[in-house]
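Here's a quick briefing to read with the model open. Have a look at the sequence and structure first, then we'll go through a few spots.

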Amino acid sequence: MDGLNTLPGDRQASAPILDLLRSFGFEDSNTLYSLAARLPAADIDDPTRAARIAIGQWFARLLDQAELDAEEAFLLGRAAFTAVDCNRRRPESFLAEEVPGELVSRLRLSLRVSCPPDTPAVMMVQPLDPPAPFAAVVAWFRRRPRPVRSA
Amino acid sequence: MKFHALLRPSPRPGDIRATLFALTLTITFLAGSRFLQIFEDQRAELFEVFLLLLFITSFWWLALSFWSAVGGFLALGLHRQWRSLARWSSGPLTPPERGRTAILMPIHNEEAAPVFARLQAMYEALEAAGAIDAYEFFILSDSTDANAWIVEEAAWRALCERVRGEGRIFYRKRRRNTAYKSGNIADFCRRWGRRYDYMIILDADSLMTAETLITLVHLMNDNGRVGLIQVPPTIVNAETLFGRLQQFASRLYGPVFTAGTALWHQGDGNYWGHNAIIRVAAFASQCGLPELPGRKPLGGHIMSHDFVEAALLLRGGWQVWMVPWLGGSYEETPPTLIDHAKRDRRWCQGNLQHMRVLPARGLLPISRLHLFTGIMSYLASPLWLTFLATGIAFSAWRLAHPLVYFPPYLTLFPMWPQFHESVAIGLAIIVIGMLLLPRLLGFIFALAGARRRVAYGGALRLTGSFLLELTLSALIAPILMLLHSGFVIGTLWGRGTAWRTQSRNGHAIGWNEACSRLGWQSLLGVGLTALIAYAEPNSLWWIAPLCAGLVLAVPLVVLTTSPRLSLHATRIGLLRTPEEASPPGLLVRMRELEPSWRATLKMPGGALQHLSADRHLLALHLAILPHHSDWRSADASLLANARGKLSATGDPEALSNGELTALLFDPPFLEGLAAGRGLRGDRAFLSS
């Protein structure tokens, strides 16, 4: 596979990193190890998190979604990536510096945002209490006799 | 194009209401005084007083509804929209230039195919009208069924693809459906309230034309004090005989009732929970619903939120209008009497909860009347039932206590107790007339207009359908009366009901199911008929309509869902409605789309199998998970159980719905699933 030749030195990827790449649909072990080599070094504290951030940043640049944080970009980018079947059609383009314009367009078209950004409104709970005299009557009716303890 | 707040000079709302109440009170007083004459000299004062109280309580409500319908008939006949929000002036309908609007479709374990067919049809209609830029769609899921949830996500993805609606069609699920539908809408307001000027609330079976959706925004733009506009929906798409009966009745009589209601409610109207536009700022500032004090079923979250929200809007100084003239608003109806009763069970509990809202501080008197009317719509059944039972008990008491013509004290004249049968018959005729006349007015209104008559299939079919509807609804009425009475007693006794999905698809009910549900009513009917025939044969004809309905309860349920009968009635044009004869374009489009949606959403296996087979859907599910409300609130024990079961059996079918839901909210598990782990006993992963 062009651009994804594996070198013996690349086979340092940890199982979680390979799992992460599998979640994009990559299955072939050569491809997995080659792509793992493009991710941050495996000797850092939390390689999976570092990898998610790196992939997220790559997606944010590629998809022109600078306002997204890396995790959000990772999740949305992965969904778009799998939507266009990139893992089978263009595995070499994953994390590449240069990605064909046609692929970028297709990825952008495949972005699915389930909700708009939050624009909260205050919605206070409104009282439905009865007026004071009525409330007293209701309370009187609700009052239950205390259980009498036997001596 | 310009919309006006008021159409033409007209009577003031106060005058209309004063007239309506004066007529209601007058006829109630007259009927009450006639009622007393029935028992003149019967020496049964306690019975008399009790029966009189029951009679008046039930009768005034009937009278109010009657005069309201008469007013509606006059308004329709005179083509008047007195003080209504105006019609638009001539000219094409232009897209709204301002007023960002969210169209909300709250769903709860619904069958996704018809829901998304409706959404697609409405989206396309707005797009064709060139108005789509002013609207955004929200599918607000409260589904508790994990499989339904994943189907909804797949449907949302497909809808975005079909109409290229990304960024304009949104999907959000709540982890916990706190406060049911009102909580669902409140969650929307709290999260995105400032993004929109208006929200159009739909039900899962709602459909509204582009013209109506656009006109509603224009009306809101031009009437700054209006908080809510309700468009009464027309029932469509019924297939069973029972459903078509409801559809026909609602279409034929509905205009008279809604025109009357709109006439005297005016800007102090009511809200029916869907097919309405709401000013978001007004709603957010006034309609945060509290939990009602006390235990369920009368306490807790408010189930029938719509009436209360309308009351709160009015309390906050906003207007609430009903605009029956607008049209283009549709909904569906339960297909069987059993499903109808199930829905009524939920509505009954919700309306009875309003007893605790009724005395709330600051509500307008008319809001209290709306709430009371809602309560009475269910309370009326046990009241009439008690009235009938007391009447029968009175007869029994009379049999057991022979009349004494010569009392033990000295008197010149014997005592001649009288039972004024003619007065009783006259009163019965008045009650029946008040029940039937509004229906007759609806029939006359349809018959009088040539185009309307043709739309119902012509004079002959319309008359035949009217008579069939009258007969069947008269037979069904006592069945519903007993069921409603049971619901009311059950609710007051403390037996609540859960929030269940409404059945919307027609299906035949077999004899066994009908017997197990309503067999007791048939037995009761037979017993009652036999008892009266033995003890008071002369009274049998009085009670015959009641007994006939009860005796026939089981066959009625079966026959009104029989596919053969339904098909036959449709073929010969019985119970035909204008929408059935000539379906609106939107309805046609929705029906065209539904089969393709069924094919798209056909998912063999459960949610987990489907996600593991559809990599994109799983990635999408993970991407939208953080956008769901309350998604981080973990069900730790359910999750542990689910992982344990999967680890032990590797079979997702072994999971309960709660366990499956917990897994679908758990990113670590889902990431594992995306990496090809998680199913079929990957023990190391599942126990991690």
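Which residue in E10(B) is the bridge partner of B:Ile235? It's B:Glu331. Keep in mind that this is a predicted model. From that bridge we'll go to the sheet around it, then to a pair of helices and the contact between the chains.

**The sheet in chain B**
- Three strands of chain B make up an open sheet, in the order E5-E10-E7, and the pairing is mixed.
- E5 (207-208) and E7 (234-235) of chain B are the edge strands, each pairing on one side only.
- E7(B) runs parallel to its partner E10(B) (residues 329-331), and two bridges link the pair.

**Two crossing helices**
- Helix H4 (residues 146-163) and helix H22 (residues 615-624), both of chain B, have axes that come within 10 Å and cross at roughly 100°.
- H4(B) and H22(B) are therefore roughly perpendicular to each other.
- On the H4(B) side, B:Glu153, B:Ala154 and B:Arg157 make the contact, and they meet B:Leu617, B:Leu620 and B:His621 of H22(B).
- Sorted by class, that contact of H4(B) with H22(B) has three nonpolar, one polar and two charged residues.

**Where chain B touches chain A**
- Chain B puts 38 residues into the contact, and chain A puts in 31 residues.
- On the chain B side, the elements giving two or more residues include H4, strand E3 (169-173), helix H5 (180-192) and H22.
- H22(B) supplies the largest share of that side, with seven residues.
- The chain B side that touches chain A splits into 21 nonpolar, seven polar and 10 charged residues.

Definitions and conventions:
Residues numbered from 1 in each chain as written. Chains lettered and ligands numbered in written order. Predicted model: local features only at pLDDT ≥ 70, side-chain atom pairs only at ≥ 80, totals over all residues. Axes fitted to C-alpha atoms, helices over the stretch in contact; angles between N-to-C directions. Helix = DSSP H or I, 4+ residues; strand = E, 2+ residues; numbered from the N terminus. Parallel < 35°, antiparallel > 145°, perpendicular 65-115°, else oblique. Contact = placed C-beta atoms within 7 Å. Nonpolar A, V, L, I, M, F, W, Y, C, P; charged D, E, K, R; others polar. Pairing = 2+ DSSP bridges.
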